[in-house]
Structure formats: C-alpha cells, structure tokens
Amino acid sequence: METKVHTKLNQLAATAICGNDISSSVLYVSALAIAFAGQYAWITLLIVSVVLFLFRKIYGEVVGALPLNGGAYNALLNTTSKLMASFAATLTLLSYMATAVISANEAIHYLHHLITAMPIILATIALLSVFAILTIGGIKESAVVAIVIFLFHLASLAVLSGFIIYFLSQSGIGQFFENWNLSAPQGSIKTAIFLGFAASMLGVSGFESSANFVEEQEKGVFPKTLRNMWIVVSVINPLMAIFALALFTLPVLQGQAFQNTLLTEMGSYVGGNWIANLISVDAFLVLSGAVLTSFVGVSGLLERMTLDRILPPFFLKKNSRGSSYRIIIMFLALSISVLLITNGNVGLLAGVYTISFLSVMILFGIGNILLKVRRKQLPRPEKATWISVLLAIAAVTLALIGNITMAPKEDAPSNLSVFLEYFIPAIIFIVVMLNRIILLNFLLNVIHSIFDPIRSLVLRIDKRIKATINKINSQEFVFFTKGDNIATLNKVMLYITKNEHTKKLKIVLALGKDDVIPKNLPQEIDFLDREYPEIKIEFIVEKGTFNPELIKALSKKWNIPINFMFIGSPSDKFPYKIQELGGVRLII
C-alpha cells in the first residue's frame with residue numbers, strides 16, 4: 001500500500017498561519033497602548049519591536065537545534081525535566097484557548113456590526129466549529145484559507161493607510177503635535193511608557209505559534225516566518241498608533257468606543273462607511289485567522305505531548321489527511337465550554353491570555369539559556385548572544401509584572417486571579433497525567449489496605465461454610481434393599497436428592513443362608529451411579545438376616561453416624577412411612 005506524503009508548508013503558507021494571529025493585534029493593540037501611554041504609544045510599540053527582534057534569534061537558535069513541534073515545551077523538555085516542560089505546555093495551551101475564544105468572539109462582534117440580527121454566542125460556536133473542521137481537513141487546506149485571509153488583511157491595511165496618508169496630506173498633522181504636547185499620562189513619562197509597553201506586548205501574541213508546528217514547514221522556512229512576523233508588527237502597529245494620534249484628540253482615543261473599534265473609526269473618518277465596512281470585514285476575517293492559528297498550533301503541541309506519553313495515546317489517532325482530529329475535537333470542546341462558562345463575556349479571559357503568553361516567552365528564553373549550557377554540542381544555524389537573551393527575558397518579565405500589577409477595570413477581577421482560575425485545574429491535570437503510575441499504585445495500595453482484611457474474613461467464612469457443607473454432605477445414607485428393581489431404586493434416589501443432605505449412599509443387600517444376589521441388581525446399581533453423578537453409590541452385600549442387631553453391628557463397623565433406610569416391597573407406593581427401628585430411621 002502506497003504511503004501518502006503530506007505536503008510541507010512553504011514560507012507564505014507558514015507565515016500566513018501564524019501571521020494572522022500576530023497581525024490581528026493591530027485591531028486592538030494601538031488603542032490599548034494609547035489608553036496607557038497616550039501620545040507615547042508609538043514609542044512603546046517600537047520598543048516591543050526591538051524586544052521581538054531579540055526573540056527572533058532566541059527562537060531561531062532553539063528551534064534550529066531542536067526542530068520539533070512544541071515550542072517552549074520542546075525547549076524545556078530537552079534541557080530540564082518533563083514537569084517543567086509540561087508547565088510551559090500548560091501555559092501555551094491556555095494561551096491558545098484564550099486566543100481562540102477571544103478572537104472568535106471579537107470576530108463575530110465585528111460581523112455583528114454588519115449583520116445585527118446575528119446571535120453572538122451561537123455564531124461564535126459556529127465559527128470555532130468551522131475552523132476545527134478546516135483544521136481536521138489538513139494543514140494544506142488550512143494554509144490556503146490562512147493565505148487568503150492574510151493577504152486580504154494586508155491589502156485592507158494598505159488601503160486604509162493610503163486613505164489616511166491622503167487625508168493627512170490635505171489636513172496636516174497638527175493634531176499629532178497637539179497630542180504630543182499634552183502632559184504625560186499616568187503621572188510621568190516613565191510610568192506611561194512602562195504601562196504602555198506592558199500592554200503593547202500583547203501585540204506579539206502569535207509569534208510563538210510558528211515554533212509549535214515547525215515540523216509541518218519546509219526546511220529553512222521557520223526563521224523566515226519569524227522575520228516576516230517581525231516586519232509586520234514593527235511596521236503596522238506603530239504606524240497605526242501614529243495615524244490615530246494624528247487624526248483624533250487623545251481624550252477621544254482613550255474613550256471606550258475607540259478602544260474597541262479604533263481602526264473602523266479611523267476608516268470611517270478618512271474614507272466613509274465603505275472603508276469602515278471593509279475594515280469590519282477584514283477584522284472578522286483576520287480574527288478568524290487567529291482562531292485557525294490556535295487550532296494548528298495546539299494540534300502540534302498536544303501531539304508532541306502525546307508522543308512523550310504525557311497525554312493518553314488516544315489522541316494520536318490521525319485521519320487520512322494526517323490531522324490529529326481527536327486533539328482538535330477536544331480543543332474545540334474546551335473552547336466552547338469556556339465560551340459558555342463565561343456566557344460570552346470573554347473579556348474575562350484577558351488575564352489568561354496575557355499572563356500565559358508572556359510566561360511562555362519568558363520560558364522560551366530560559367530554554368535558550370539552558371540549551372547553551374546543557375546542550376551546547378548541538379549544531380544550530382544561528383545563535384543569540386547572551387546579552388540579547390538576558391535583555392529579552394528582562395523586558396518580557398517587566399511586561400508580565402506590569403500586566404499582573406495593572407489595576408483592573410471597575411468591578412472586574414484582576415488578571416492574576418482569572419489566570420489562576422484556569423491555570424490551577426489545568427496544571428493539576430497535567431501533574432496527575434505525569435504521575436499517573438505512582439497515583440494508580442497508591443490507589444491500589446489504599447484499596448488493598450481497606451479490602452484485604454475484608455477479603456481475608458470472607459475467605460475464612462467461605463472456608464468454614466464449605467467445611468460445614470462438606471461435613472453435612474459427608475454423612476452417609478444406607479438403603480437396605482431386598483433386591484428391588486431399578487424403578488424402585490430410582491424412587492430412592494429421587495427421595496434422597498430432594499430430601500437428604502448427603503453425597504454418599506450405601507446400598508446394602510442382606511443375604512440369608514440360602515439367598516442369592518438378584519441377577520440384574522449390580523448392573524442396575526451401576527446404571528444409577530452414572531445417572532446420579534453427584535451421589536457416590538456403593539453396593540455392599542452382607543451375610544445375615546436383616547434385623548436391628550445387623551443394623552447396630554454395621555453402624556459400629558463403619559464407625560460413622562448413619563441414617564439407615566429400608567424400603568418395602570416394590571408394590572408399595574412412595575413416599576413410605578418413616579419409622580424407628582433400633583434407634584435408626586427407616587423408610588418402610
């Protein structure tokens with residue numbers, strides 16, 4: 001049977017899959033940076049670009065040395081322990097889950113502006129399901145959709161930028177300088193830039209995704225995807241922040257309406273409704289592309305974890321297109337359940353999204369350091385300098401601290417509290433899976449300690465009851481025959497099986513001086529022995545006359561308590577009258 005070869009992803013396809021996630025940040029990160037850093041937002045976004053430039057080399061070195069799916073999980077697995085690697089994997093999984101749910105929900109909200117009758121939650125579930133089915137269809141098919149979305153997104157931003165540049169060429173950039181000359185938000189420039197940088201780091205979410213499906217990419221494609229994503233983020237995000245500051249006053253930009261739909265408002269302002277509608281459609285598509293990124297990334301990550309026996313081998317089953325469809329279905333169910341638990345208020349997941357993503361980047365940097373120290377013999381196509389790795393880790397750590405300490409909105413839980421609500425159950429599950437052999441042995445010991453004494457008691461009781469039964473059944477029954485035919489003897493056997501507790505029967509024939517053994521009697525008794533296998537029949541011939549003295553003599557001779565039975569002539573009807581004769585029970 002010919003093995004089907006699955007096509008690897010080229011540069012455009014791989015860039016599109018992870019690029020949709022990172023480039024979709026332009027829809028919210030410029031507004032988010034302006035909310036915290038004000039007129040310095042574009043500076044914070046440029047700082048983010050510098051940090052991302054450092055991470056290009058960090059990711060390139062690790063994945064170049066260890067070209068396997070899994071991202072930070074793979075880096076730590078090969079430099080530390082499986083527990084630490086699983087810690088990183090849990091954070092990555094939570095990041096993908098939050099990305100999928102938030103992106104799908106935001107995409108539907110943008111589409112809702114055009115189709116107001118659309119139910120938000122049901123449409124979000126439908127969108128998640130569509131991209132799950134698309135991912136199950138295969139990485140090649142997913143890439144085609146991702147490319148279309150990515151190119152449409154870049155074209156839409158180019159159109160928007162063209163209209164803005166034309167508008168500013170007519171009206172001037174005086175608004176930008178007015179905003180620039182305002183007093184520093186947050187009380188000082190340093191605080192504004194710090195908080196703005198912390199918020200702006202969300203604009204690089206998706207940068208880690210390429211490392212999670214590197215095995216699906218053609219040789220040499222991975223570093224190019226990092227370069228391409230860095231260019232997109234470095235150009236688009238700061239540029240859109242500058243455009244926004246040149247078009248609107250700072251108080252307007254920091255208002256709630258502009259925070260949610262900044263690019264749509266910009267499009268409407270410079271080009272009218274059709275540009276706003278174009279941006280809304282683009283936002284729907286590129287956010288949908290971010291959902292696709294999550295499905296592709298999590299598929300590569302969990303497949304690697306399953307191969308490492310952290311997850312059950314059940315998830316390794318693939319379809320004819322090479323997709324781990326059970327992983328995808330499980331992730332879809334998880335995403336839908338989170339959507340329903342939050343009742344569509346997916347803004348609550350911002351803390352999970354923020355802390356998970358930034359923590360993964362820090363862990364990847366740590367993985368790079370450990371790779372340099374512990375696996376320095378591994379060849380790698382490029383290397384990140386020590387100073388760049390330490391600076392990158394420090395920068396992302398500052399961003400993480402900023403997001404953790406950032407004051408939540410009114411009546412909203414803190415980022416850290418929401419993150420812990422999802423992280424703790426997830427890491428407990430992973431720890432259980434890692435230590436399932438130990439836990440199962442512990443459970444087995446507990447069960448034995450509880451039930452072994454009961455089992456011993458039951459066995460002792462069982463043994464005694466069986467001994468009692470055997471003792472009862474061991475009592476022999478004696479039937480004195482006169483040479484009766486088989487029909488009469490069969491009645492005796494029926495009586496014994498129905499009324500007596502015995503497994504042994506002596507059939508005794510008392511022969512007087514001139515008596516002889518009936519001709520057919522031994523054969524008939526042998527036949528009954530075969531017909532009643534549960535009762536052992538012994539045929540005994542005794543010399544003497546049947547009377548109480550003979551009965552007593554035989555009882556003493558056999559030295560056992562015996563029930564004796566005497567049956568009358570064959571013409572008598574059964575059952576027979578029971579009488580005592582010499583202290584022994586008889587049936588006569």
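A crossing of two helices is left-handed if the near helix is turned anticlockwise from the far one by less than a right angle, and right-handed if it is turned clockwise. Helices here are DSSP runs of H or I with at least four residues, numbered from the N terminus. The structure is a predicted model, in which local features need a pLDDT of at least 70 and side-chain atom pairs count only at pLDDT 80 or more, while totals for chains, interfaces and linings use all residues. Residues are numbered from 1 along each chain as its sequence is written, and side-chain values use heavy atoms, with hydrogens and water left out.

The pLDDT, the predictor's confidence in each residue on a scale from 0 to 100, averages 84 over the chain. A score of at least 70 is reached by 93% of the residues.

Helix α11 (residues 221-247) is crossed by helix α1 (residues 11-23), their axes coming within 9 Å at an angle of roughly 40°. Axes are lines fitted to C-alpha atoms, for helices over the stretch in contact, and angles run from 0 to 180 degrees between N-to-C directions. The pair is therefore oblique, since angles under 35 degrees count as roughly parallel, over 145 as roughly antiparallel, 65 to 115 as roughly perpendicular and the rest as oblique. The crossing of α1 and α11 is right-handed. Residues making the contact include Ala-14, Cys-18 and Ile-22 of α1 and Thr-225, Met-229 and Val-232 of α11.

Helix α2 (residues 29-37) also has an axis that comes within 9 Å of that of α11, at a crossing angle of roughly 60°. This pair, too, is oblique, and α2 passes α11 in a right-handed crossing. On the α2 side the contact is made by Val-29, Ser-30 and Ile-34, and on the α11 side by Asn-237, Met-240, Ala-241, Ala-244 and Leu-245.

Individual residues were classed by relative accessible area (buried under 20%, exposed over 50%, partly exposed in between; 1.4 Å probe, protein chains only). Ser-103, in helix α5 (residues 82-112), is buried at 7%. The side chain of Ser-103 reaches the backbone oxygen of Thr-99 at 2.7 Å. Beyond residues up to four places away in sequence, Ser-103 touches Ala-98, Leu-287, Ala-290 and Val-291. Thr-124, in helix α6 (residues 120-136), is buried with a relative accessible area of 0%. With its neighbours within four places in sequence left aside, Thr-124 is in contact with Ala-104, Asn-105, Ile-108 and Leu-339.

Two loop residues were also examined. Arg-309 lies between α15 (273-307) and α16 (325-341) and is exposed, at 66% relative accessibility. The phi angle of Arg-309 is near 65°, a positive value in a residue other than glycine. Pro-408 is placed in the loop between α18 (386-405) and α19 (415-434) and is partly exposed, at 42%. Apart from residues up to four places away in sequence, Pro-408 touches Pro-413 and Ser-414. Pro-408 and Gly-271 are 137 residues apart in sequence and 35 Å apart in space, C-alpha to C-alpha.

Methods. A polar contact is a pair of N or O atoms within 3.5 Å; within protein, one must be able to donate a hydrogen and the other to accept it, and residues adjacent in sequence count only if both atoms are side-chain atoms. Contact means heavy atoms within 4.5 Å.
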